[in-house]
Amino acid sequence: MRYRRDPGVTNVSSTRFDQTTGEILRSLGKNERPAKSEPPRPQNDNFAKECKSRRTFARSIWFLLRSAAIAVLLILPALSAQSASPQAVTGQTVSGADIYQARCAQCHDNGAATRAPSRDVLQKMPASRILRTLDFGLMMSVAYPLTREERNAVANYLGTKGPEPGPPPAAFCSAERRPLSGEAAGNWNGWSPSPTNTRYQASGGITKDQVPRMKLKWAYGFAGDVTAFAAPTVLNGTIFVGSAGGVVQALEAKTGCLHWTFQANGPVRSGIVAVANGANYSLLFGDQIGWFYSLDAKTGHLVWKKRLDEHEATRLTGTPAVYQGVVFVGAASWEETRSIEPHYACCTFRGSVTALRVTDGSQVWKTYTIDPPKKTGVNSAGTQNWGPSGAPVWSAPTIDAKRGVIYVTTGDNYSSPSTATSDAVMALDIATGKIRWTQQTNPNDAYTSACRNHGPNCPQEDGPDYDFGSSALLLSLPGGKDILVAGQKSGVVSGLDPEQKGKILWQTRVGQGGKNGGVQWGMASDGQAVFAATSDLAGVLNSGGAVGGAKFDPAKGGGLTALHPADGGKIWFAAPRPCDPPRPGCSPAQSQAVTAIPGVIFSGSVDGHLRGFGAEDGKVLWDFDTAKSYSAVNKVEAKGGSLDGAGPVVAGGMLFVNSGYPRNGGMPGNVLLAFAPEE
């Protein structure tokens, strides 16, 4: 397959975004020159209640934070009205002092009343640590509406300059133990061992008979984090994994000793894809603020990096996919949570897929999932609204080399009008990015986090928020026919015909579905069945409050279903197990991506349990509760929590899984666990 040499941009109407972006920025009073600092924003008189809730929660997870004086609780008052946030990365000057006075001072300048760390304490901390706390630490729920520029400004205003202390010398491997020096058999590279995204490991070195004897071999703690959500890649005896703190680590798979680290600009949730580069490999991944990277696999040195979209709220959650020297990257957004702020100009982000050359990061093509946004009126707070927006790409693209296409799944719209490309499976020409076809499963779905409290930026559709958060699986049926299978937050799994423009062949309900329901992050298939775990999280979710510890229903949610790929018929259903005992942040919901090996399906739960199920009948073969404290090989205080997001990976006779996921109320944690059968 040859790729055209000139970069191109494609969208559903074949128009460019540049002109519209300029219109949006002009309407917000933004231009290329640095803007003057805004005056302090209005305070919120109910800050004491907000501080109290964080103080109570802080005591429950203090162990995670005391290692580097990171027990700072950046206690921010409930977010008040602000002027419209910038929708593009402009490099404008933002006053950290103003942001502190508007959002932080009430708590941190009243430490005796709130028990929040004083400004003096904050000013002794590294700015990077404060930024991490805002990004994916204790204050992430409160900081959602803050733009990246605002977070950087307040962190730099408060914190000290310079890097944080690195890992202790004892954490590193000895000099003779080098990266990529192990066996090449049974690697797990990217989101799935195969580009069809089935998450099936046929040669991972663990058999069904060995699964009941699996024991913990080592634990690795992510220093200072309360979330462990990155998808590991295992290549030739080396694990490459990101973290909420933005640190990418190369670890020896057998022992967990550290080869090297690399600090990205933002949190790294994306899985890492390794691409052969002579005798070495290039590591490709994105971060949660829109940057995409290429690293030298042996040294961790940066080869190149590139920001994929000019929109301020861009995030790269899905693992990239690679084909013939080109890497394909889907883009999602933080704008769904930015919109909590009534004076945010909602919404202007457009989902996209960008194709880059692996060698230097130059663009081959870019395709947007929706048309450019236009003014659509003002909300009840008097702020300009825009639409359409959204249709993000949350997950890894699926490669179909036979048909010369890649498949991506999309999320909902953020603002009205809703479009025909949200909540859809899309086929893009692999060489040009041209949209071959789109199959939508849920029309008229537009939603933002403002809808939880019926805020001004909730679109008139008000949901149902049935994103596709997981990749489509490309399967071969008996007789040579192919089928695409896609699971959705609606609780419905669909079978589509790739030869008939995604015609829906069957649909099967596997869960109740909902905003935090249905299939969340990924299914698996061994070719004989499709395995779909469902979330259906029930209870009181966290919304702008402390991170983790929500009051979930301890008996509702979860379940694992096996389906016939040809017609969607149910083979078996494994019922979820209630939390025992019930506790804050615990739910039987099975949100985490599923992984398959011959005869066994691994599925993690918000209750912290990782279980191995028999592929033939769904019976539990192995059960390990990850929500506990560990003695980490890198001497970091480590604790497991909820299992969510990226699922376990199996390679080289071992299984690896991250534990800790407090977003939406689950149990916090900061640990990577390694298991192997006991002989």
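Which residues of α9 are buried? They are Arg148, Glu149, Glu150, Arg151, Ala153, Val154, Ala155 and Leu158. The model behind this report is predicted.

## Helix α9

α9 is mostly covered. Eight of its 11 residues are buried. The buried set includes Arg148, Glu149, Glu150 and Arg151. Ala153, Val154, Ala155 and Leu158 also belong to it.

## The largest pocket

How much space lies in the largest pocket? The volume is about 1,100 Å³. The lining counts 49 residues. Nearest the centre of the pocket lie Arg132, Glu164, Gly245, Val247 and Gln263.

Several elements contribute. α7 gives the most, with six. By class, the lining of the largest pocket holds 22 nonpolar, 16 polar and 11 charged residues.

## The disulfide of Cys173 and Cys257

The structure holds four disulfides. One of them joins cysteine 173 to cysteine 257, with the sulfur atoms 1.9 Å apart. This pair links distant parts of the chain, 84 residues apart. Cysteine 173 sits in the loop between α9 (148-158) and β2 (214-221). Cysteine 257 sits in the loop between β5 (247-252) and β6 (258-263).

The link of cysteine 173 and cysteine 257 is right-handed, with 95° about the S-S bond. Why do both cysteines count as buried? The cut-off is under 20% relative accessible area. Cysteine 173 has 14% relative accessibility, so it counts as buried. Cysteine 257 has a relative accessible area of 10%, so it is buried too.

## Two further disulfides

Cysteine 451 and cysteine 458 form another disulfide, with 2.1 Å between their sulfur atoms. The torsion about this S-S bond is about 100°, so the disulfide is right-handed. Both cysteine 451 and cysteine 458 are buried.

Cysteine 579 is joined to cysteine 586, S to S 2.1 Å. Is this link left-handed or right-handed? With -105° about the S-S bond, the link of cysteine 579 and cysteine 586 is left-handed. Cysteine 579 and cysteine 586 are both buried.

## A four-stranded sheet

An open sheet of four strands runs in the order β32-β33-β34-β35. Its pairing is antiparallel. The edge strands are β32 (595-597) and β35 (620-625), each of which pairs on one side only. On average, neighbouring strands of this sheet are turned by 15° against each other, direction ignored.

How many bridges join β33 to β34? There are five. β33 covers residues 600-604, and β34 covers residues 609-614. The two strands run antiparallel. Valine 600 has glycine 614 of β34 as its bridge partner.

## Enclosed cavities

The structure holds six cavities of 30 Å³ or more. The largest cavity has about 140 Å³ of space. It is lined by 17 residues. Closest to its centre are Trp191, Thr317, Gly318, Trp394 and Trp521. The lining of the largest cavity divides into seven nonpolar, nine polar and one charged.

The second largest cavity has a volume of about 70 Å³.

Methods: Residues numbered from 1 in each chain as written. Predicted model: local features only at pLDDT ≥ 70, side-chain atom pairs only at ≥ 80, totals over all residues. Heavy atoms only, no water. Disulfide = S-S within 2.5 Å. Buried < 20%, exposed > 50% of the residue type's maximum accessible area, 1.4 Å probe, protein only. Pairing = 2+ DSSP bridges. Axes fitted to C-alpha atoms, helices over the stretch in contact; angles between N-to-C directions. 1 Å grid on protein atoms, 1.4 Å probe; cavity = no way out; pocket = protein on both sides within 12 Å on 5 of 7 lines; lining within 4 Å. Points joined across faces, edges and corners; volume = space filled by probe spheres on them. Nonpolar A, V, L, I, M, F, W, Y, C, P; charged D, E, K, R; others polar.
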